[in-house]
Amino acid sequence: MKIDLHTHTIYGSACAYMDPDQLIQKAKAVGLDGVCITEHDHVWGDEALERLRAKHDYLIIGGVEVNTDSGEVLVFGLHQPVLSVYSIHDLKEIVDRAEGLMILAHPFRYREDLVNRVVSPGLFSKTEINATEIEKITADPVYPLLDALETDNGHSGIREKTLTRAVADYLHLPGT
């Protein structure tokens with residue numbers, strides 16, 4: 001089953017360019033089995049999600065993307081806004097109480113210097129990863145708080161995705 005766990009609509013995220021109907025039509029057109037709508041700091045209500053599911057006869061799950069002191073985190077299982085939460089440790093407590101999940105979204109976006117230092121271009125050969133740098137990166141105390149890493153984001157380049165997959169593999173975290 002293929003589900004996009006990180007989507008936005010114009011109703012909840014300034015970076016989006018589609019309304020929910022367009023999002024669902026596009027997801028169906030590219031062969032996805034469902035989508036999770038994860039607006040920035042906005043949680044869709046269960047009734048609104050159910051109306052969309054019924055209208056489109058399609059799997060639609062709600063989530064939220066929360067901006068924290070450790071980056072943007074996709075959260076599933078919360079049913080209330082988290083606008084006042086910035087500490088990832090505080091967010092973790094809330095998510096644990098709700099028996100939810102946390103996925104670090106695009107963990108190396110805007111960190112081109114790090115990506116370039118760790119991942120070789122690999123133009124004519126296999127891409128190489130600097131294992132020593134992976135050990136340093138994974139020492140960050142944020143990783144034990146997470147349930148997964150977003151390894152495939154449509155706005156991430158191949159080297160950024162390669163680094164994220166290497167970190168997820170090293171930590172034995174699932175990739176989404």
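Pro141 sits in the loop that runs between helix 5 and strand 6, where helices (H or I, at least four residues) and strands (E, at least two) are DSSP runs numbered from the N terminus. At 60% relative accessibility, Pro141 counts as exposed; here buried means under 20% relative accessible area, exposed over 50%, and partly exposed in between, with a 1.4 Å probe and protein chains only. Pro141 lies 71 residues from Ser70 in sequence, with 9.7 Å between their C-alpha atoms in space. The model is a predicted one, in which local features need pLDDT of at least 70, side-chain atom pairs count only at pLDDT 80 or more, and totals for chains, interfaces and linings use all residues. Residues are numbered from 1 along each chain as its sequence is written, and side-chain values use heavy atoms, with hydrogens and water left out.

Asp41, in the loop between strand 2 and helix 2 (46–56), has a positive phi near 55°. With a relative accessible area of 24%, Asp41 is partly exposed. His106 also has a positive phi, near 25°, and belongs to the loop between strand 5 and helix 4. His106 is buried, its relative accessible area being 7%.

Turning to the strands, two of them pair if DSSP finds at least two bridges between them. Strand 4 (residues 71–76) pairs with strand 5 (residues 101–104) in the antiparallel sense, over four bridges. Within this pairing, Phe76 has Leu101 of strand 5 as its bridge partner. Strand 5 also pairs with strand 6 (residues 148–149), in the parallel sense and over two bridges; Leu104 stands opposite Leu149 of strand 6.

A nonpolar core is a set of buried Ala, Val, Leu, Ile, Met, Phe, Trp, Tyr and Cys residues joined through side-chain atoms within 4.5 Å. The largest one has 31 residues, and Val75, Leu91, Met102, Tyr143 and Leu163 have the most contacts inside it. At least two residues of this core come from each of strand 3 (59–68), strand 4, helix 3 (88–97), strand 5, helix 4 (112–118), helix 5 (131–137) and helix 6 (158–171). Another core, of 12 residues, lies apart from it and includes Met18, Ile37, Ala48 and Ile60. Leaving aside residues up to four places away in sequence, Leu91 touches Val66, Thr68, Val73, Val75, Leu78, Val85 and Met102, contact meaning heavy atoms within 4.5 Å.

The largest pocket has a volume of about 1000 Å³. Of its 38 lining residues, His6, His106, Arg109, Asn153 and His155 are the closest to its centre. A pocket is an open set of points on a 1 Å grid over the protein atoms alone, with protein on both sides within 12 Å along at least five of seven lines, whereas a cavity is a set where a 1.4 Å probe fits but cannot get out; lining residues have an atom within 4 Å of a point. Strand 1 (3–7), helix 1 (20–29), strand 2 (34–40), strand 4 and helix 5 each give at least two residues to the pocket lining.

The structure also holds one cavity of 30 Å³ or more, where a volume is the space filled by probe spheres set on grid points joined across faces, edges and corners. Residues lining the largest cavity include His106, Pro107, Glu150, Asn153 and Lys161.
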